[in-house]
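The sequence and structure are shown first.

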Amino acid sequence: MDRIIDLAREIGAAIQQDDRYLRMMAAQETADKDEALQGLIGEFNLKRIALGNEAQKEDRDEKKMESLNEELRTAYQAIMDNDAMKAYNATKPEMDTLLNAVAKIITLSAQGEDPYSIDEHEEHHCDGSCSTCGGCH
């Protein structure tokens, strides 16, 4: 097997043992088992479908669209106010930060940067135009 793929699998295994991952997965499991939250998500999805259906109509009712949109916003807020969702949302950014740092090190290394001198916390914003770029740092 390819050594790099083996190392990627080791990184994956290490991530699954990291406290940030374990906290996020525990919060996700709690959210998945929270019947009230799952009901709110189901309600939100139904409202989203109803809004989409109304938007597709040639003779759509703008007042109905506004009403459905408000119901959708209310349903979304109820989801975000749920304690299990709040707990999950509190853990997710930590995991995202870890994954972004790993991806940054791998990507910049593949572009020729020294993997040991890459500051994974330094922000870099790429506008997609290499002609105006001062280089990835």
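The sections below move from the overall fold to individual residues and then to the pocket.

**Overall fold**

The model is predicted. The protein contains 5 helices and 0 strands, and its pattern along the sequence reads α-α-α-α-α. Of its 137 residues, 20% count as buried. The accessible surface of the protein amounts to about 10,100 Å², and carbon and sulfur atoms contribute 53% of that surface. Among contacts with a separation of 6 or more, 54% join residues 24 or more positions apart.

**The aromatic pair**

The structure holds 1 aromatic pair. The ring centres of F44 and Y76 lie 6.2 Å apart, and the ring planes meet at 50°, so the pair is tilted. Planes count as stacked under 30 degrees and as edge-to-face over 60. The pair links distant parts of the chain, with F44 in helix α3 (residues 35–56) and Y76 in helix α4 (residues 62–81). The two residues are 32 residues apart.

| Residue | Relative accessible area | Class |
|---|---|---|
| F44 | 17% | buried |
| Y76 | 42% | partly exposed |
| M24 | 9% | buried |

F44 is buried because its relative accessible area of 17% falls under the 20% limit.

**M24 in helix α2**

M24 is found in helix α2 (residues 19–33). With a relative accessible area of 9%, M24 is buried. Leaving aside residues up to four places away in sequence, M24 touches Y88, T91, K92 and M95. The C-alpha atoms of M24 and A87 are separated by 8.5 Å, although these two residues stand 63 residues apart along the chain.

**The largest pocket**

Rolling a probe the size of a water molecule over the atoms shows where empty space is left. The largest pocket holds about 270 Å³ of space. Its lining is formed by I4, L7, A8, I11, V102, I105, I106, P115 and Y116. Helices α1 (3–15) and α5 (83–110) are the elements that give two or more residues to this lining. Helix α1 gives the most, with 4 residues. By class, the lining of the largest pocket comprises 9 nonpolar residues, no polar residues and no charged residues.

How values were computed
Residues are numbered from 1 along each chain as its sequence is written. This is a predicted model: local features need pLDDT of at least 70, side-chain atom pairs count only at pLDDT 80 or more; totals for chains, interfaces and linings use all residues. Side-chain values use heavy atoms; hydrogens and water are left out. Rings of Phe, Tyr and Trp (its six-membered ring) pair if their centres lie within 6.5 Å; planes under 30 degrees apart count as stacked, over 60 as edge-to-face and the rest as tilted. Buried means under 20% relative accessible area, exposed over 50%, partly exposed in between (1.4 Å probe, protein chains only). On a 1 Å grid over the protein atoms alone, a cavity is a set of points where a 1.4 Å probe fits but cannot get out, and a pocket is an open set with protein on both sides within 12 Å along at least five of seven lines; lining residues have an atom within 4 Å of a point. Grid points are joined across faces, edges and corners, and a volume is the space filled by probe spheres set on the points. Ala, Val, Leu, Ile, Met, Phe, Trp, Tyr, Cys and Pro count as nonpolar, Asp, Glu, Lys and Arg as charged, and the others, Gly among them, as polar. Contact means heavy atoms within 4.5 Å. Accessible areas come from the Shrake-Rupley method with a 1.4 Å probe; for residues, only the protein chains shown count as cover.
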